[in-house]
Amino acid sequence: MMSVLVGIVMGSDSDLPVMKDAAKILDEFGIGWEMIISSAHRAPEKTAAYARAAAGRGLKTIIAGAGGAAHLAGVIAGHTPLPVIGVPIASGALNGVDALYATVQMPPGIPVATVAINGAKNAGILAAQIVGATDPGIMEKIIAYKDKMARQVEHKSEKLQQLGLEGYLEKMGGSKS
């Protein structure tokens, strides 16, 4: 059984379709995680207690995803010495822009690393990099992951050169128009 090193917190179960991507990438890197639902507004005591206890339970970082006012990551960051990664979730009339601003605009002394709207996969990769900073085995997996991405780009470029613009687009199922 893997030790749990990353906490994944979401403000609502409606955030789960996005936040699952963080869990999936952590699984790919072999990093243990836990996931809870805890709202900064509807369950503030539960959220604060979770954040305060996280470091003592061995977590290395916390990923927090929320939409709307999106104060979850900031509230967690205010109650823990651990790095917190915020995932703004697209919802409501502003489609996540409000969540992005609420997550990224933290006061001095309470940083929240913030990824793109619905960027839970990148949050998982950043969490893996945080863990990998002190775990050589995880660092090797991150290096291999990035090498694989670079090879995929090179392969696509080679295919484009072989097939030309129209042939490549056709293979993709599109056209230039």
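Phe29 and Tyr145 are both buried (under 20% relative accessible area with a 1.4 Å probe and protein chains only; over 50% is exposed, in between partly exposed). This is a predicted model, where local features need pLDDT of at least 70 and side-chain atom pairs count only at pLDDT 80 or more, while totals for chains, interfaces and linings use all residues. Numbering starts from 1 along each chain as its sequence is written, and side-chain values use heavy atoms, leaving out hydrogens and water.

**The aromatic pair**
- The structure has 1 aromatic pair (ring centres within 6.5 Å).
- The ring centres of Phe29 and Tyr145 sit 5.3 Å apart with planes at 65°, so this one is edge-to-face (over 60 degrees; under 30 is stacked, the rest tilted).
- Phe29 belongs to helix H1 (residues 16–29) and Tyr145 to helix H6 (residues 136–172), so the pair ties together parts 116 residues apart in sequence (helices are DSSP runs of H or I, at least four residues; strands are E, at least two).

**H5 against H6**
- Helix H5 (residues 120–132) packs on H6 at about 140°, axes 8 Å apart (lines fitted to C-alpha atoms over the stretch in contact, angles from 0 to 180 degrees between N-to-C directions).
- Residues in contact (heavy atoms within 4.5 Å) include Ile125 and Ala128 of H5 and Ile142 and Tyr145 of H6.

**Glu34**
- Glu34 is in strand E2 (residues 32–37), and its 18% relative accessibility makes it count as buried.
- Beyond neighbours within four places in sequence, Glu34 contacts Val4, Val6, Gly7, Ile8, Tyr50, Arg57 and Leu59.

Definitions and conventions:
Rings of Phe, Tyr and Trp (its six-membered ring) pair if their centres lie within 6.5 Å; planes under 30 degrees apart count as stacked, over 60 as edge-to-face and the rest as tilted.
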